[in-house]
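Colleague: I'd like to learn how to read a model like this one. Could you walk me through it, feature by feature?

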Amino acid sequence: MKKIFFALTLILGFGLLSYAGDKINILTSTSDLKSIAEFIGGDKVTVDSLGKGYQDPHFIDAKPSFMIKAKKADLFIVVGLELEIGYEELIIDGSRNPKIRFGQIGYLDVSNGASLLEIPTTKIDRSMGDVHPMGNPHYWLDPMNAKVIAFNIANRLSELSPDDEFYFKENLNKFNKKIDEKFAEWAEKLNPFNGKKIAVYHRSWPYFADRFGLDIACELEPKPGIPPSPGHLKDVIQKMRDENIKVILMEVFYDEKPARFVAEQTGAKLAIVPNSVGGTKEAKDYFSLIDAIVEKLAEAFSL
Amino acid sequence: MKKVYIFLFVFFVLGRCVFAGDMQKNNSDIDDLKNEIEQLKLQFQEMKANYESKINQLETKIAGLQEASPKIESTQIAQVSKPAEGRFFQNFNPDISVIGDFTFHGTDKKDDEQYNQFKMRQAELAFSAPVDSYARADLFMHIEPDGEEWGIGLCEGYITLLELPVPGLQAKVGKFKANFGKVNRMHLHSLPWVDYPNMLTNFFGEEGMSQPGISASYLVPNPWDNYIELTLEAMNNHNSSVFAGSEGRDLVYIAHLKNFFDINEESAIELGGSFATGPNDDGHGKNRTNIEGIDLTYKWKPLKEGLYKSFVFQNEILFCQKDNVGDEELGVKQIDSWGVYSSAQYQFAKRWSVFGRYDFSEFPDSANNCDYAYSVGMTFNQSEYCFWRLQFKRTDRNYSKDSNEIWLQCNFGLGPHRKHEF
């Protein structure tokens, strides 16, 4: 009799607990994809990202603990364009999760349909530095591309959970509407600086610059991924003086010393910004990420 | 105890009743929801009709524009969407890479065959790709000097079965480096030093233990959600240092348990335990060798400064019990010997790091002979694909002359080469 009671309580107990409902478990490579996936998925998803916004997304280590996260994922979302080439395969293979393998419904490259820049039209090789053969991967920094990312995520989530298609599409509409509203604000803030030249540390800003009418005139890295050399910095300083370039834009995870040196020599202002959600504590989601970049830039131009 | 069960039973039954009561309340909520859904459906159909009409208008516009300037659009479309011409099946070619390793070796040990010589130590040729939807294959060939000649050998060549009926299980068959400890699996170009630790070369030979065999690894589920991987392997017992060499007619069995914990987002520890056992002669077990190993690695990399700073503390210890019953010269029934290394590497700038390593190692056939060695060095990463390294090593031997050695190493790679494990 005792055993029957015990068994029944266990069964009923688990029965109660299991009514929690199943959410789609999403793992993303970057924190920006995490933020957008959270907007689209709402309370139908749980989302985690491999990268933190304050680290260089090219160099995420394929730690075994990431393989455990990937093991549990229903959907693995990547930026693509070989941004994740250093760790993606190791993590997917190590996870032993067949759902998220390349080509499966649980693997989503959100670059599909994005408006891409710097697609090489000539032969490329490693002498050109860290050049991506399918285009510059930093496309999430154009808010219009964020709509494409959101659209791709909404579509894939609808395939994974057709019953929730209305919900995801409604969230997509809300996201797009907010992008349009915020874009008007951002454009207005940067409008006074339309056409102005800026210097950047790494070749990660063409999408942002194109969208907001800024002209990237020079890079502190002699080639993408190659650290600034004294000879190259001398040329940059000369160019900035000649062309009256007054702002240097760089990410939080690069060494400030070369940029500060150039700023001192040219009288330019240094705008150190996040390029991903979480890069600074202000950049809590995609919208506040662009807010933070726009604010810092506007401030640097105005000083 | 009976009262406790009754209490629990009543508690859960009441819970279910409240839940059932909620269910009744939910029924009217469900009706409300159904009405909402109907309304949403109507709204969606309106929206759909609206968008369809807009799309039709846009399509008409585009058709109009295309008539106006067909040449420009068709060239643009050709540039954007036309696939590359050529032999399409070459898209399925594997990733091919070649990694060259060059050293200058200076030493005061005059009988060293590498006494003050340049050496092209190795060219590693690697081919990697998915075989089909179930497996991937990796093959690594080494081109190495053999006196004045050059030889090519298969360092590793194996197929990894990625999808097996048991979740969390992977297997591989082929020739591969045994999953014993940590350094045995490392390729020359991925070492943080110029040379392999004495523990490895004394017990497993110049490049470690690598034989044809089978391997299965399983991610062990655990309540802490840590990475715990159990690997079981069987391979030929042809390793000539600890097992039977070419006389071997049996198998070595190897077990390795790898535990990986994130301490926080910056630091992690890997703790591994290994065991290997097999006959060390042409027989089937009268003379056995048993080997036990423990590996402990600590890694630190602050995420924000991760391009510029990191630290690795890597240690391994190995114990060997080798039977030599029947070998009258050595005169003992079992030789117990051991070896250890401890290494620290610190990256202090984007492309620069320094390291120090301590080695102590006996030999599998002798617990009386041993090496003590101390190495220091510096590595310059010219880029992700090429590094230069300077290493100084002092070795004290009680069976032969001590030596001081210095190396300048240059390691360079072409082509896509998947990073080896973290």
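Predicted model: local features only at pLDDT ≥ 70, side-chain atom pairs only at ≥ 80, totals over all residues.

Colleague: How is chain A divided into domains?

Modeller: Domain 1 of chain A runs over 17–182, and domain 2 over 185–302. Taken over C-alpha atoms, their centres are 26 Å apart.

Colleague: How many residues does each domain bring to the contact?

Modeller: In general, the size of an interface is often given as the accessible area lost when the parts come together. Here we can go by residues: domain 1 of chain A puts in 29 and domain 2 of chain A puts in 28.

Colleague: And which elements give two or more residues to the domain 1 side?

Modeller: In chain A, those are helix H2 (31–41), helix H5 (143–160) and helix H6 (165–190). The largest share, five residues, is from H2(A). By type, that side of domain 1 of chain A has eleven nonpolar, nine polar and nine charged residues.

Colleague: On to the core. Which residues have the most contacts inside the largest one?

Modeller: That nonpolar core has 89 residues, and the ones with the most contacts in it are Ile36(A), Ile40(A), Ile77(A), Ala150(A), Ile153(A), Ile248(A) and Leu249(A). Helix H10 of chain A, residues 286–302, gives this core its largest share, nine residues.

Colleague: What is Ile248(A) in contact with, leaving aside neighbours within four places in sequence?

Modeller: Ile248(A) contacts Ala199(A), Ala259(A), Val262(A), Ala263(A), Ala268(A), Leu270(A) and Ala271(A). There's also a second, separate core of 21 residues, with Met235(B), Ile254(B), Ala276(B) and Cys320(B) among them.

Colleague: Now a single helix. How do I read which way its residues point?

Modeller: An α-helix has 3.6 residues a turn, so residues three or four places apart point the same way. Take helix H8 of chain A, residues 230–242: its buried residues are Val236(A), Ile237(A) and Met240(A). Seen down the axis of H8(A), these fall within an arc of 100 degrees, so they line one face of the helix.

Colleague: What covers them, and what is exposed on the other side?

Modeller: The cover includes strand S5 (197–200), strand S6 (215–219) and helix H9 (256–266) of chain A. On the other side of H8(A), Gly231(A), Lys234(A), Asp235(A) and Asp242(A) are exposed.

Colleague: What span should H8(A) have?

Modeller: At 1.5 Å a residue, the 13 residues of H8(A) should span 18 Å, and the end C-alpha atoms are 18 Å apart, which agrees. Just after H8(A), look at Asn244(A), which has a positive phi of about 55 degrees.

Note on methods:
Residues numbered from 1 in each chain as written. Chains lettered and ligands numbered in written order. Domains from an automatic or database assignment. Contact = placed C-beta atoms within 7 Å. Helix = DSSP H or I, 4+ residues; strand = E, 2+ residues; numbered from the N terminus. Nonpolar A, V, L, I, M, F, W, Y, C, P; charged D, E, K, R; others polar. Core = buried A, V, L, I, M, F, W, Y, C linked by C-beta atoms within 7 Å. Buried ≥ 20, exposed ≤ 12 C-beta atoms within 10 Å, placed from the backbone. Expected span 1.5 Å × (residues − 1). Arc of directions from axis to C-beta.
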